[in-house]
Amino acid sequence: MKNAERGMVKYAPYKSLVEQSSYLATMRARRAQVEKRVFLDDEVERIDEILTHCDDQPLIVFYWKNGFIHKEEGLISKIDPYARVISINETVIPLDDLQGIERK
């Protein structure tokens, strides 16, 4: 056996178990997840001010969904205070999942 071939054989047992690769992928996905952020009062006021004065201005909205932070850019088409959601680019984001907002 040549040395070049030996390197491949040496590490072959890494994926010898069929379940191992799916388990490792699950563990990597869990490790990448983040917890939902809790805002301070001044941050809530800043977000409220941006949402109140966002007339035809493009915004960048960060929101939490299933353990990951997602980003949506565009114009806010609707703010529903009773249902506690905002709509941007046909995406409905619950206000409880909002993680940040910036002017573009």
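Mentor: We begin with Asp97, which is buried at a relative accessible area of 17%. Keep in mind that this is a predicted model.

Trainee: Which residues does Asp97 touch, not counting residues up to four places away in sequence?

Mentor: Asp97 lies in the loop between β5 and β6. Its relative accessible area is 17%, and buried means under 20%. Leaving out residues up to four places away in sequence, the residues that Asp97 touches are Lys36, Phe62, Tyr63 and Trp64.

Trainee: Which element gives the most to the lining of the largest pocket?

Mentor: The largest pocket holds about 300 Å³ of space and is lined by 13 residues. The elements that give two or more residues to this lining are α3 and β6. With four residues, the element that gives the most is α3.

Trainee: How many residues of that lining are nonpolar?

Mentor: Val44, Ile47, Arg84, Leu95 and Leu98 lie nearest the centre of the largest pocket. The lining as a whole has one polar and four charged residues. The number of nonpolar residues is eight.

Trainee: How far apart in space are Phe39 and Leu98, C-alpha to C-alpha?

Mentor: Phe39 is in the loop between α2 (18-32) and α3. Beyond its neighbours within four places in sequence, Phe39 is in contact with Val44, Ile47, Leu98, Gln99 and Gly100. In sequence, Phe39 and Leu98 are 59 residues apart. In space, the C-alpha to C-alpha distance is 9.7 Å.

Trainee: Is Phe39 buried, exposed or partly exposed?

Mentor: The relative accessibility of Phe39 is 22%. Buried means under 20% and exposed means over 50%. Because 22% falls between these limits, Phe39 counts as partly exposed.

Trainee: Which residue takes a positive phi in the hairpin of β3 and β4?

Mentor: Strand β3 (residues 76-80) pairs with β4 in the antiparallel sense over four bridges, and Lys78 stands opposite Ser87 in β4. The hairpin has four residues between the strands. With a phi near 60°, the residue is Arg84.

Trainee: What is the bridge partner of Ile88 in β5?

Mentor: Strand β4 (residues 85-88) is joined to β5 by four bridges, and the two run antiparallel. In β5 (residues 91-94), Thr91 and Ile93 form the covered face, while Val92 and Pro94 form the uncovered one. The bridge partner of Ile88 is Thr91.

Trainee: Near what value is the phi of Glu90?

Mentor: Most residues other than glycine have a negative phi. Glu90, in the loop between β4 and β5, has a positive one. Glu90 is exposed, with a relative accessible area of 81%. Its phi is near 70°.

Trainee: Is Asn66 buried or exposed?

Mentor: Asn66 lies in the loop between β1 and β2. Although Asn66 is not a glycine, its phi is positive, about 55°. The cut-off for exposed is over 50% relative accessible area. At 60% relative accessibility, Asn66 counts as exposed.

Trainee: What percentage of the residues of the chain count as buried?

Mentor: The chain has three helices and six strands, and its elements run α-α-α-β-β-β-β-β-β from the N terminus on. Among contacts between residues at least 6 apart in sequence, 50% join residues at least 24 apart. Of the 104 residues, the buried share is 23%.

Technical notes. Residues numbered from 1 in each chain as written. Predicted model: local features only at pLDDT ≥ 70, side-chain atom pairs only at ≥ 80, totals over all residues. Heavy atoms only, no water. 1 Å grid on protein atoms, 1.4 Å probe; cavity = no way out; pocket = protein on both sides within 12 Å on 5 of 7 lines; lining within 4 Å. Points joined across faces, edges and corners; volume = space filled by probe spheres on them. Nonpolar A, V, L, I, M, F, W, Y, C, P; charged D, E, K, R; others polar. Buried < 20%, exposed > 50% of the residue type's maximum accessible area, 1.4 Å probe, protein only. Contact = heavy atoms within 4.5 Å. Pairing = 2+ DSSP bridges.
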